[in-house]
Structures are given as structure tokens and as C-alpha cells.
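I opened this notebook to record what I looked up in one structure, going from the whole chain down to single contacts.

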Amino acid sequence: MPYKWPSDTDFALRELDFLDRACPACGRMMHICDHRYRRIHTLEGPVQLVCKLNHCPDPDCPGHAQTKSPEQEAMIAPPNWAIGWDVFCWIGHRRCARHMSIPLIQSELLDDYAIKLSDDAIAKYIRRYQVMLAARQQDPQALRRQYESVPEIVLSIDGLQPEKGHETLYVVRELTQKRVWFAKPLISATADEVQRLIAQAKEWATSLNKTVSLWISDKQDAFVTGIAAEFPGVPHRYCDNHFLRDLAKPVLEADSHAKVQMRHKVRGLRKIEQAVLKRQNAEALTSLAQDDPTATVTVIVAPANAPAPEPDSAGTVVLDYCAAVRGILNGDQGGPLQPPGLQMAAALKEVGESIQRNLDAKKGGSQKSNSAVLPTASTGDWSMSKPSKRQSESTSRTSTRWPRPWNLEGRVARIGRRSSRS
Ligand SMILES: [Zn+2]
């Protein structure tokens with residue numbers, strides 16, 4: 001269906017001449033016999049092309065019946081398109097490189113360039129772009145240029161099933177240049193069909209005159225037999241990703257079992273927290289009652305809101321240690337390479353060591369009972385035993401939601417200093 005242009009469209013006019021005007025049949029100078037008018041969208045705005053058509057003036061020459069269009073026309077837009085190459089490339093790039101949806105491409109074209117295209121038209125241009133891109137990707141000359149300086153190549157094959165019940169797309173990739181060589185949809189991937197793909201890869205490698213040093217796949221039976229048949233003697237390795245995925249299942253099962261056991265062992269957090277809160281409530285009530293007798297009424301009405309203990313009180317530090325432990329016990333981030341249970345064990349150990357350092361510092365302080373020595377001794381102790389940067393980075397990803405034990409130690413030390421001064 002021809003494109004409908006609004007009547008008030010302001011077209012830029014462009015005349016195109018036929019440049020080589022010698023008749024290809026007899027060599028005589030050709031004449032202009034007609035004009036063809038075309039209107040197309042370009043990124044610079046709507047353009048009207050005036051194409052001068054030529055033919056041989058000699059009615060007996062075969063060049064008389066064949067009119068020639070200007071050479072440049074095809075460089076601006078292919079025949080019968082409503083858009084120029086620039087718009088076409090813009091659409092293809094947005095789709096293939098940025099994975100934009102058709103409605104999004106449609107609205108951006110309209111907003112940024114005032115180009116109004118139907119979704120059907122955009123879908124049609126995208127299909128053509130894909131065909132051209134695939135042809136370009138498989139262009140033997142371009143391929144040869146890319147592989148000129150590559151000594152050996154590594155090939156991989158895998159099946160992708162975009163939707164259940166649909167045919168599987170088998171993709172052969174070359175890994176040194178990270179390039180898809182070709183892909184084929186196979187409804188039933190029999191060993192014969194798969195082997196044909198591998199044979200095609202062999203043809204490509206031969207035409208490039210390259211040695212295949214390695215094959216990588218998930219080692220489906222059809223791949224194993226096909227590669228062994230077409231590439232005898234070439235090693236065939238398990239793909240890292242598939243290997244890890246298969247290994248991950250038992251690892252994560254064992255890890256989750258370990259987590260359950262740790263959660264069983266670390267109990268009683270709620271009891272500790274309740275005891276601290278109860279004491280804080282009681283302290284707040286007494287202090288309020290002493291400060292302002294009228295405030296008692298408010299406190300009795302809403303006792304839970306009343307306490308606002310200072311951040312460095314011993315109680316809040318205990319609560320923060322509890323929060324840290326609870327956060328650790330609830331942590332479930334991490335994959336098979338950093339199992340959550342191992343992270344949990346490391347973090348619990350960290351808390352245990354931190355509490356131990358607090359106890360050690362307190363013991364050292366009470367022996368000396370010298371308030372001037374205690375702060376430096378205790379702060380020096382915990383800052384030296386802070387985890388190394390690498391350790392803290394490896395745990396910080398998963399444990400930033402709760403207080404860090406070594407931050408709590410600083411507060412414990414300050415409380416120690418304060419109480420030893422008073
Ligand atoms: Zn002629």
C-alpha cells in the first residue's frame with residue numbers, strides 16, 4: 001500500500017541525473033525520456049526525488065526499450081521504500097543493538113524525526129534488516145578479513161529454545177572472535193541433522209583455512225558423536241556454564257542443609273532483645289518521671305514510643321549485635337560459587353570474634369583499671385583485627401543490610417571509655 005503523505009508536507013527537492021549516459025548496447029548518448037517522482041522519509045526530513053530516466057534514442061537498439069534510472073537513487077533508498085537507508089539503519093540499530101520494541105521505535109521516530117510509520121511497516125523493515133545483517137555476517141570476504149590474523153579457532157554449538165513446543169535454534173559460534181557463524185532451526189534434533197551443522201562448520205573452517213583447536217558444548221549425545229565424526233582428534237570440552245549449572249544443584253542442596261543446622265544452633269535472639277527493650281523501657285520511664293512528672297501520663301499511654309535511648313548505650317549495641325546476627329541468619333544471597341551457607345558461617349564467625357575482642361578489651365581494662373590506657377588499648381585491638389579489605393568486600397555484597405560487627409566494637413569501646421571516666 002502506498003504511503004499516505006499529509007497534504008501539508010514540506011519536501012526537500014532532489015534531482016537525480018543518470019551519470020554514465022552512454023548506451024550500454026551501442027554506446028550512443030542516451031536521452032532523458034521520462035521522470036519518476038518519489039517521496040521518502042530521511043532523518044533530515046521528507047525528500048522528494050526527481051529521477052531522470054534515460055534510454056537510447058535509436059528505436060532499433062535494445063537500449064531503447066530499457067529505461068535507466070539514476071545510479072544514485074538506490075544509494076538513497078531501495079525501490080518502493082517509503083524510507084531512506086538512514087532511517088532503515090536507525091530502525092535496525094534500535095532493534096538489534098538496543099532491543100527496543102516496535103511501539104517504542106515507532107514513538108521515537110515520531111517524536112524525534114516526525115516520521116510516522118505503522119507498526120506493520122516497521123516490522124517489515126526490521127525483517128529486511130535482519131536478512132541483510134545475516135547476509136553481511138556470513139559474507140565470506142568479510143569473514144576472511146576478520147580471521148586473517150587468527151591462528152586457530154574455537155567452535156561451540158548449543159541449542160536455544162525460544163518458546164516451548166517451537167523448533168530449537170542451533171547456533172554455531174566461534175569463540176576467539178566471539179562471533180555467531182550460523183544458526184539453524186531444527187524441529188527434531190536427530191544426530192544426523194546435528195552432524196550436518198557440524199559438517200557445515202567444518203566447511204567454513206576449511207574455506208578460511210583455519211585449524212579448529214577446540215570444540216565446546218554441553219556434550220549432548222548428538223554433539224559428542226557429530227563432532228567426533230567430523231573433527232576426529234579435536235578435543236571437545238564441557239562448557240563452563242553448563243558444567244557449573246549441573247554442579248550447582250548438589251552444592252546448593254548441601255549448602256542449604258548446612259544453613260538449617262546453623263539456624264538451629266544460633267537461637268534465643270528474641271529473648272535477649274526483649275530483655276534489653278524491657279530494661280530500656282523501665283529506664284526511660286524512671287528518667288522521664290524524674291525529669292517531668294506530667295510526662296508520666298504520656299508514657300503510660302504509649303510506653304513503646306517513649307524510650308529514646310542514646311545510640312551509644314550498652315543496650316542499643318546489644319540490639320545491633322542481635323540485628324547483625326538476625327540479618328546473617330536470614331541471608332540467602334549468593335550462587336554456587338559463593339554459597340549462602342558458607343557466607344553465613346563466615347559472618348557468624350566474624351560476630352563471634354568481634355564479641356570475643358570486646359570481652360578481651362574489657363578484661364584488659366579491668367585489670368589495669370586505668371581509664372587513660374584503656375581506650376587506646378581497646379581501639380588498637382579491634383582496629384587491627386578488622387577484616388582485610390578483600391574479606392570485607394567479599395562479604396559486604398550480601399551483608400550490608402545489618403550493622404557490621406567491627407563498627408559495633410568502636411561503640412563498645414566508647415561506652416567503655418565513658419563508664420570508666422564516670
Ligand atoms: Zn543504444
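Among contacts in the protein between residues at least 6 apart in sequence, what percentage join residues at least 24 apart? I found 61%, counting two residues as in contact if their C-beta atoms, placed from the backbone, lie within 7 Å.

I noted that this is a predicted model, in which local features need pLDDT of at least 70 and side-chain atom pairs count only at pLDDT 80 or more, while totals for chains, interfaces and linings use all residues. Residues are numbered from 1 along each chain as its sequence is written.

Overall. I listed 16 helices and 8 strands in the protein, taken as DSSP runs (H or I of at least four residues for helices, E of at least two for strands) and numbered from the N terminus. Of the 422 residues, 17% are buried, a residue being buried if 20 or more other C-beta atoms, placed from the backbone, lie within 10 Å of its own.

Cores. I then looked up the largest nonpolar core, which has 18 residues; such a core is a set of buried Ala, Val, Leu, Ile, Met, Phe, Trp, Tyr and Cys residues joined through C-beta atoms within 7 Å. Leu155, Ile157, Val172, Val194, Leu197, Ile198 and Ala201 touch the most other members. Two or more residues each come from strands E4 (152-160), E5 (168-174) and E7 (211-217) and from helices H7 (191-208) and H8 (221-230), with H7 giving the largest share, 6 residues. Leaving aside neighbours within four places in sequence, I found Leu197 in contact with Ile157, Tyr170, Val172 and Lys184. A second, separate core holds 13 residues, among them Ala77, Trp90, Leu117 and Ile122.

Helix pair. I recorded an angle of about 45° between H7 and H8, with their axes 9 Å apart, the axes being lines fitted to C-alpha atoms over the stretch in contact and the angles running from 0 to 180 degrees between N-to-C directions. H7 is therefore oblique to H8, since angles under 35 degrees count as roughly parallel, over 145 as roughly antiparallel, 65 to 115 as roughly perpendicular and the rest as oblique. On the H7 side the contact includes Val194 and Ile198, and on the H8 side Phe223 and Ile227.

Sheet. I traced an open sheet of 3 strands in the order E1-E3-E2, with mixed pairing; two strands pair if DSSP finds at least two bridges between them. E1 (12-16) and E2 (31-42) stand at the edges with a single partner strand each, so one side of each is left without a neighbour in the sheet. E2 runs antiparallel to E3 (residues 45-55), joined by 11 bridges, and Tyr37 has Val50 in E3 as its bridge partner.

Definitions and conventions:
A residue is buried if 20 or more other C-beta atoms lie within 10 Å of its own, exposed if 12 or fewer, and partly exposed in between; C-beta atoms are placed from the backbone.
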